[in-house]
Amino acid sequence: MRQLLYGAAGGLLVWATFFGGASGDGRLFWIGAAALAVVAVAGVALPRPVVGSWGVAFLALLGGFVLWNGLSIAWSVEGDRSWSYLNRGLVYLAFVLLGALLGRPRAVAGGLALLLGAVLLWALAGKVVPGLFPDGARLSRLRNPVGYWNALALLADISLPLFLWLAARRRDLAALGVYLALVALLLTYSRAGLAVGVVAVTLWVWFDRRSLSVLAVAVPAALVVGAVGLALPGVAKDLQPHSVRVSDGAWFGLALVVGAIAVALVARRDVGRTALRVLAVVSAALILGGVGALAAQGSFLGQFRGSGVTHTASSENRLSWWGEAWRVFERAPAGGKGAGSFEVARTPVRHSATVTTEPHNVALQFLAETGVFGLLLGAAAALAALVLVWRVVRRLEGPERAAAAALGVAVPVYLLHALVDIDWDFVAVSAPVFFVVGVLIGTGEPRGRRSLLGAGVLVVGVLAAGYSLLAPWLADRRVSDAYGALGTPAAVADARSAHSWNPLSLEAYRAWALAEDALGNPADALRLYRREVALQPENATTWFDLGQFELEGLRDLCHAYDALNQAYTLDPWGPAGLPGGLLDQARAVRNSGRCR
């Protein structure tokens, strides 16, 4: 049974990393439901782990933080998004429990190293064969299969200690893994990823200095091949013709294979101290030469770009978003504006039309969205995880200790990277890290007997979490059905069903209103748009929806002005603020005196 459960856990991690759906919620239900099902089976079939005090503390604090996310729905400015964040936290909690029930760091470290190696190899294959990723020609930054370059860079960072851990058994495989991870890191153009990667390697080398020989072999080859990739327009530049992508991809593939062969051959030989020094000097020279070449072209920061926006601009955006997050916190310091609500909560304080759903700093995001109490719970859970890693690694001995250390590096690396990005939103990154924490929680402690009461509590919790995941997912399906059936009574029925499954959903109200209007019931549609506003009165979008319907559907420009003006007050940079737009049209009527 344990082997089957290990296979199921591995399948879940493959699903999450390869098919996690980027930062969206579309696949969260399926991954979460499967994780909960495996947790229920494992909880009933396996003896319960005896969790130490720091493991109990982490589970309690993480559970409290997830619960606080759910409670914030009561005061959230974007209740449907807060429910979504509650569900995301429940999925991560399920991965923690699954890891705790399974344990065994050596087995998990080996499996995770294999999985991350496959992810990085597949990502690089997309540069060699452009057709693997349909949108590969649009943006140059390496991002698939995760969907976001910085998230992929974080997976590469997490993989580095795992590959270096393999050096004790297979130096050639370890060197190849490090080589692939470093090439992938370079092609993500992720400054934070590179910096955190240095931290990850430093932490592992501090634990085991013997890995320096592997780094000395892999780093020079990775730098050379990465430089080749950055020099090829079809690999390194956006919006290139398909013929250029194919040609340059072939050359890059050749360089990648040649570099891998060289790394494998050198790694199999005993490298003396003199050779290691030479390789270290070569690596340093390549790094300095690369930085100098980029600086000579204009700007090191400008060279590492994506989506037509330089990293300098990205940094400026981050500073702006961090300031917005602080101002949102000042408006609601105790409980925040509701989990996951930053996109709406920032609109009254933003100073540009730039759209973002998070401030790209998880700590500031939690502060703005869940207030001081939420941040304290999250920070305490993070601290408990770090202490847990330290205590587990110190307690274990031999091969299990090394495996636990390689896994444990993922925790500080994840937390550090989260201070400059949106890692919480990516199940491809967060699920493996929370699973690792769970494995460390259940490591090295004697196993307790099966507890009927404990299994019952676990099953009840799984069922409750399953319903929380199911209801909004079913609501989204009904909304899609309603849009597909517009103009028929079935559309109204589907939208009403969506609302019954998820009464916090704005999309359910919009679909319902459109369905009523399509059947010639404008009064009912107006009532539904007003209910949408009542649901989220601090959301400029709900006021704009109401004003747009009153103006375009009812031709009631006088009342439309009130709603559109409120939308503009809440978000001057939104659609209501467009020059010559709906608000200006309604204002012209109001100023003409026809609204008396």
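Buried here means under 20% relative accessible area, the cut-off to keep in mind for these close-ups of a predicted model.

**View 1. Trp 68 and Trp 75 make a tilted aromatic pair.** Their ring centres sit 5.3 Å apart, with 55° between the planes. Is Trp 68 buried or exposed? Trp 68 has a relative accessible area of 16%, so it counts as buried. Trp 75, at 35%, is partly exposed. The pair belongs to a total of 20 aromatic pairs in the model.

**View 2. Trp 424 and Phe 434 meet edge-to-face.** A pair of aromatic rings is described by the distance of the centres and the angle of the planes. For Trp 424 and Phe 434 the centres are 5.8 Å apart and the planes stand at 85°, which is why the pair is called edge-to-face. Trp 424 comes from the loop between α18 and α19, while Phe 434 belongs to helix α19, 10 residues apart. Trp 424 is buried at 6% relative accessibility, and Phe 434 is buried at 8%.

**View 3. Ring pairs build an aromatic cluster.** Which residues do the ring pairs link? Phe 65, Tyr 92, Phe 366, Tyr 414, Trp 424 and Phe 434 are joined into a cluster. Trp 424 and Phe 434 are the edge-to-face pair from the previous view.

**View 4. Helices α6 and α8 pack roughly parallel to each other.** Two packed helices are described by the angle between their axes and the distance between the axes. Here α6 (residues 149–165) and α8 (residues 191–207) have axes that come within 9 Å and cross at roughly 20°. Angles under 35 degrees count as roughly parallel, so that label goes to α6 and α8. Their crossing is right-handed. On the α6 side, the contact uses Ala 153, Asp 157, Leu 160, Pro 161, Leu 164 and Trp 165. Facing them from α8 are Gly 193, Val 196, Gly 197, Ala 200, Val 201 and Trp 204. Sorted by class, the contact has nine nonpolar residues, two polar and one charged.

View 5. With 31% relative accessibility, Val 199 counts as partly exposed.

**View 6. Helix α17 (residues 398–408) has a run of buried residues.** These are Ala 402, Ala 403, Ala 404, Ala 405, Ala 406, Leu 407 and Gly 408. What covers them? The cover includes α5 (105–128), α6, α8, α16 (362–395), α18 (410–417) and α19 (427–441).

How values were computed
Residues numbered from 1 in each chain as written. Predicted model: local features only at pLDDT ≥ 70, side-chain atom pairs only at ≥ 80, totals over all residues. Heavy atoms only, no water. Axes fitted to C-alpha atoms, helices over the stretch in contact; angles between N-to-C directions. Helix = DSSP H or I, 4+ residues; strand = E, 2+ residues; numbered from the N terminus. Parallel < 35°, antiparallel > 145°, perpendicular 65-115°, else oblique. Left-handed = near helix turned anticlockwise from the far one by under 90°. Contact = heavy atoms within 4.5 Å. Nonpolar A, V, L, I, M, F, W, Y, C, P; charged D, E, K, R; others polar. Buried < 20%, exposed > 50% of the residue type's maximum accessible area, 1.4 Å probe, protein only. Phe/Tyr/Trp six-rings, centres within 6.5 Å; stacked < 30°, edge-to-face > 60°.
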